[in-house]
Amino acid sequence: MEEQGVAILSLREAARRAGVSHNAPYRHFADREALLAALAAEGFGQLSGALEEAGKRGPRERGAAYVRFALEQPQRFRLMFGGVLRLGAHAGLRAQASRAYEGLVRAFASMAEPRAAQITAAAAWSLVHGLAQLLLDGHFARATGEGRDNEAFVREVLGAIRLVARSAQPA
């Protein structure tokens with residue numbers, strides 16, 4: 001998937017790379033969409049773990065970990081968020097995606113009442129997701145160009161933003 005993209009990923013190709021018969025994947029996945037949903041769910045699990053671990057070092061580290069995940073696994077990131085899969089159609093995928101968001105809500109829970117923590121988590125996720133997507137699409141090529149480290153740029157951007165949970169007001 002990371003080498004050639006989601007568009008060409010098939011159960012037959014997955015079987016070939018795994019060194020099993022072309023029918024073997026059908027014992028685990030009903031179809032291609034089920035395979036993609038499993039890959040996306042696995043990605044959300046990895047993302048949740050990375051965010052949780054980074055969160056031990058502070059909120060900016062959590063944001064940097066999100067962007068790092070996207071840059072290190074761009075095809076999986078695009079699969080997870082690209083609208084290819086319907087969250088409602090895949091319970092495991094929906095559960096893992098919810099787990100990632102709930103981890104962010106918990107991170108802000110000590111700083112705000114429950115509704116404000118949810119709003120702040122949504123704002124933080126939106127910020128880092130947008131930054132990750134813009135970097136993946138090359139929109140900050142000049143800022144992160146030759147001799148410039150993406151990680152340093154991400155830290156600068158995150159340092160410029162001050163999310164204050166107690167000021168989050170529901171619309």
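Rings of Phe, Tyr and Trp (its six-membered ring) pair if their centres lie within 6.5 Å, and the pair counts as stacked with planes under 30 degrees apart, as edge-to-face over 60 and as tilted for the rest. Keep that at hand for the exercises below. The model is predicted, so local features need pLDDT of at least 70 and side-chain atom pairs count only at pLDDT 80 or more, while totals for chains, interfaces and linings use all residues. Residues are numbered from 1 along each chain as its sequence is written, and side-chain values use heavy atoms, with hydrogens and water left out.

**Exercise 1. The overall picture**

Task: Describe the secondary structure, burial and surface of the protein.

Solution: 
- Step 1. Helices (H or I, at least four residues) and strands (E, at least two) are DSSP runs, numbered from the N terminus. The protein has seven helices and zero strands, giving the pattern α-α-α-α-α-α-α along the sequence.
- Step 2. Buried means under 20% relative accessible area, exposed over 50%, and partly exposed in between (1.4 Å probe, protein chains only). Of the 171 residues, 37% are buried.
- Step 3. Contact means heavy atoms within 4.5 Å. Among contacts with a separation of 6 or more, 64% come from residues 24 or more positions apart.
- Step 4. Accessible areas come from the Shrake-Rupley method with a 1.4 Å probe; for residues, only the protein chains shown count as cover.

**Exercise 2. Aromatic pairs**

Task: Find how many aromatic pairs the structure has, then work through Phe-77 with Phe-81 and Phe-140 with Phe-153.

Solution: 
- Step 1. Searching the whole structure gives eight aromatic pairs. Phe-77 and Phe-81 form a tilted one, 5.0 Å centre to centre with 50° between the planes.
- Step 2. Both residues sit in helix H4 (residues 74-81), and because they are four residues apart, about one helical turn separates them. Phe-77 is buried at 0% relative accessibility, whereas Phe-81 is partly exposed at 28%.
- Step 3. Phe-140 and Phe-153 also make a tilted pair, 5.2 Å centre to centre and 50° between the planes. Phe-140 belongs to the loop between helix H6 (114-136) and helix H7 (150-160) and Phe-153 to H7, so this pair ties together parts 13 residues apart in sequence.
- Step 4. Phe-140 is partly exposed, with 28% relative accessibility, and Phe-153 is buried, with 10%.

**Exercise 3. H2 against H4**

Task: At what angle do H2 and H4 pack, and which residues make the contact?

Solution: 
- Step 1. Axes are lines fitted to C-alpha atoms, for helices over the stretch in contact, and angles run from 0 to 180 degrees between N-to-C directions. Helix H2 (residues 32-55) packs on H4 at about 105°, the axes being 9 Å apart.
- Step 2. This makes H2 roughly perpendicular to H4; the cut-offs are under 35 degrees for roughly parallel, over 145 for roughly antiparallel, 65 to 115 for roughly perpendicular, and oblique for the rest.
- Step 3. H2 contributes Leu-36, Leu-39, Ala-40, Glu-42, Gly-43, Phe-44, Gln-46 and Leu-47, and H4 contributes Arg-76, Leu-79, Met-80 and Phe-81.
- Step 4. These residues divide into eight nonpolar, two polar and two charged. Here Ala, Val, Leu, Ile, Met, Phe, Trp, Tyr, Cys and Pro count as nonpolar, Asp, Glu, Lys and Arg as charged, and the others, Gly among them, as polar.
- Step 5. In H4, the buried residues are Pro-74, Arg-76, Phe-77, Leu-79 and Met-80, and their cover includes H2, helix H3 (59-72) and H6. Just after H4, Gly-83 takes a positive phi of about 80°.
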